Every structure is written in structure tokens, then in C-alpha cells.
Amino acid sequence: MGRVILHCDANSYYASVECLYRPEIRDLPVAVAGSVEERHGIILTRNPLARKYGVKTGEAIWQAKQKCPQLVCVPPDYPLYVRFSAKMRAIYEQYSPRVESFGLDEAWIDLSAPGMTLERGARVADEIRLRIRSELGITVSVGVADNKIFAKLGSDLKKPDAVTLLRPQDYAARVFPLPVGALLYVGPSTQRRLAQIGVTTIGALAQCDPALLRLRFGKNGLTLSAFARGEDRSPVMPVDHRAAIKSVGNSTTPPHDLTCMDDARCILFLLAESVAARLREGGLRARCISISARSTELVTCSRQITLPRATCLAGEIGRTALELFDGRFASAFPLRSVGLNCSMLTPDDAPVQLDFTGDEEKRMQREQLERSIDDLRRRYGHQIVRRGVVLLDQGYSAINPVEDHTIHPVPFYAG
Amino acid sequence: MSVYRENPHKIYVKVRADFTPDGRILPLMLRAEDGPVMRIDRITDVREAASLKAGGQGTRYTCRVGEATLLLFYDEPYWFIEAD
């Protein structure tokens, strides 16, 4: 039985929801953008009208306004987007229980069943598209294929409000001539490395000797090769956008650039407190700590380290992050933003190896203390207990990263 | 989570409704601020729908009010109708 997989992608998602709720701006170029005052002033998404003016996701508001002076910028309303995402998912689930969300605005639906064909799948896709337009007032592009990778590729081919069917017999004409960057997980860096061996299209990647790809890219090379040939067999996992947690992280763009180690110490401990609290809340401990920093030229760099013991202690996470930072970024000031991420998670009830030195006992006491602080903060607010280090800078100490959540797409290899 | 977004094409209304034992909500009468009470004679259709005119989305009740047909939206927890 061949698989029939749909990939639904809500067009200009945030901007579409905003335009639905604000009829007065619907016919204007619109962008959803962060707050300029808090230095989050970048374009998160824009509607097709704004796109026509060349407004791009990720650029600063002032750059966008240079291209399109009449651009209407509205602040994001994440709870509303989460709510609409749940409504879209509720529609998808009427067609199959196997729905895998990929961020808030994308999802795969596995329609595979005896008697189901790609052509019939395309008709279902069209029904879903029409329902979302009339019931939710926004549009989706749907790709239909026998694998997740080409279904996603299909949803990118025709926008907005369209269905694209990619059958195996269509690959040669419609998929293989596309640039290799159109394939999921072929980013600019992989694209550059593929170009070095003369691979610039999906077709060229499909024809490239898998042994050569393995040599150049390791086992990822074989995966890319299979993706390009439409041989992806990964299943549609029935998960929503809050899928099994793989990592817990926070990043912040503070009110002013970081210019010295004191600034870095303050921000890293703020982030460590937030991440540690969320680890504890989720009943988790982490072994891998990574930090990332973005320069004022918006170049991002990251470093990570694996700890011998899993932790959910803000002190340990903060100190580790600071050591990582000191070793790599200390000469890179000024920095615009910093992020801290914890991965390699284990449940906090997993057995812990005790020792003779009493270190582990001290850590357990420390954890009790931090849990008590969590409790105080829950009852009296985040600012009720603060580390001395975060008081060094009044501008930074007002930041509350715990409530500054970011929604990331789940990794493709989730599960 | 609620979405209260005012605009000239959207009229938020007060609604009196029946909550049925099987979990449905059936509006009985509605009233816009300072307006008359409108009794709903019959509900002819209930579905999820967007209101492009008023700017919103929710459960749409097609209601007969006297001789007129009125579209009443429940965008939880708010009720609204489209302005003429």
C-alpha cells in the first residue's frame, strides 16, 4: 500500500491571522514585527502585499520601511496564533489521527489507507484547503506526495491557497530541476558544500553517488540522497507543536548590547535561572549545555559542552555557560543577543550515582533550595528573589526571560 | 485566551443562551449596547466560520429574527454580529 501524505502550510500565518482580525489593514502591506523599544524590531512575517515590496522575514523594521514606507507593523499575539493552530489541527484530525505539527503553521497528515491514492489524497487536500478558508478565514498551501519531504516541497511550490500533487512520475519534470536548497534540511551551508561537488539541483543530488555523499557528509549524506530521490520513509508522528521536549532554552535581546563580561554574567545567569526553572517544572535534568551569541552584525555563533552529570541547577548551568562564553565570545563584544539551551534531557526521577565526597548530597540540597525559590516566585512573582549578579545592571534586571517564550518547530527527526 | 478586537464593522453583543445537556450552546436573545433586545426565533445553521466583514472567527449561528436573517458569531468568550 503506497503512502499518501499531505503537508499543509498556512500562508503568511501570523500576518494572515492579524489581517483576519483587522479588516481595516487587510488591503495594505502588513508585517507582524517585534517591539522596536525592546530591540526586537524585526519582521516576523509579512503578507503577500508587503512581500511585493521586497519586505523580508528577519530584517529590521527600519529596513522594511525603507522599501515600503506605508508598511503597517503590528505586534505579535502568540496566544491567538496558538489558538488558530489548534483549530487547524482539529480540522486535520477529522481526516486522520496521524497529524504531525511542524511549528504552529505547518503539519503533515498521513492519509494512507487501503484504497487511498495520491489523486484521492489531492481531492481531500482541496477539501481541507476550502474548509480552512471558509471556517478559519486564512489560507493554506497543501503538498501531496508519498513521502513527507516531497509533500513539504509541494506545499512550497504553489502559494497561496493551492494544492500541489507530486506523483513519482512528476518528479523528473517538477522536482528534479528545482534548486537543491528547496529540499528540507538543505540550508545555505549544505548548499554551498554540495555546490563544491557540482550538485546544485535536486535531480543532481538524486543522481549523485551515495558513496560520495557519505564520504562528504557522513550518514547525513545518505539521508539527503534518499530525500532527493523521494525515498524518505520517516513516519508522520502523531504529535502537536508541544511534542516531546528535546531541549529547553531561552534567548534574549537585552535593551542594550552586551559590552563586557559583567553584562554577559548577568544575562547568562538570568537565562540559566529561567531554563533551570523550566527544567524543574518539566521534571527534567540536562547534560548538554549550549550557548549562542549574536553579534551586532547579526552573525550567530554557538558552543556546547556535555557535563558528566545531568543537572537542573541554575548555578551549575550558569557557571558552565559562563565558562563556555569566556572561552569563545569574550573577545567578540559588543553582542546583540545571547541564548542558552539545555539538551540531552533525562527525567529527574532517574537514578543518580551517589559518591563518597558528599558532592551529590550538596547538589540535592541545592536543588531543594532552588525548588523553594520556584515556589516563592510562583506565589509572589519572578522578581521576589533575584541573584545579586543580575542586579549589576538595572536595564537587564527588569528582563523576565521565564515569560518570554519562543515557539520553535519540532525537529524533523522527533520521536 | 480571548480576542477582543474592536473595529467599526464589528458589534459585540450581550447574549442570553441555553446550555444544553449535550454540550451545545443555543443563543435565545441578543442585545447590542443601548440597542433593543432581539429575540431569536429560529437557528437555521450552526458552523465554524470566519467573518471577513467584521474581522473574526468562531461558531457562526444563522438566526431568524423576525423577518431578518442575522449572523451571530461566538468567538469564545465573546459574541459579535457584523455591522451593516
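How are helix 1 of chain A and helix 4 of chain A oriented to each other? They are roughly perpendicular (65 to 115 degrees), because their axes cross at roughly 95°. This is a predicted model, where local features need pLDDT of at least 70, side-chain atom pairs count only at pLDDT 80 or more, and totals for chains, interfaces and linings use all residues. Residues are numbered from 1 along each chain as its sequence is written, with chains lettered from A and ligands numbered from 1 in the order in which they are written.

**The helix pair**
- The axes, lines fitted to C-alpha atoms over the stretch in contact with angles from 0 to 180 degrees between N-to-C directions, come within 10 Å.
- Tyr13(A), Tyr14(A) and Val17(A) of helix 1 meet Leu80(A), Tyr81(A) and Phe84(A) of helix 4 (contact: C-beta atoms, placed from the backbone, within 7 Å; helices: DSSP runs of H or I, at least four residues).

**The largest nonpolar core**
- Among its 69 residues, Leu6(A), Ala31(A), Ile109(A), Val144(A) and Leu205(A) touch the most other members (core: buried Ala, Val, Leu, Ile, Met, Phe, Trp, Tyr and Cys joined through C-beta atoms within 7 Å; buried: 20 or more other C-beta atoms within 10 Å).
- Helix 1 (residues 13–21) of chain A gives the most to this core, seven residues.
- Beyond four places in sequence, the contacts of Ile109(A) include Leu6(A), Tyr92(A) and Val236(A).

**Where the chains meet**
- Chain A brings twelve residues to the contact and chain B brings 13 residues.
- Helix 1, helix 4 and helix 5 (118–136) of chain A each supply at least two residues of the side that touches chain B.

Key. Buried ≥ 20, exposed ≤ 12 C-beta atoms within 10 Å, placed from the backbone. Contact = placed C-beta atoms within 7 Å. Parallel < 35°, antiparallel > 145°, perpendicular 65-115°, else oblique.
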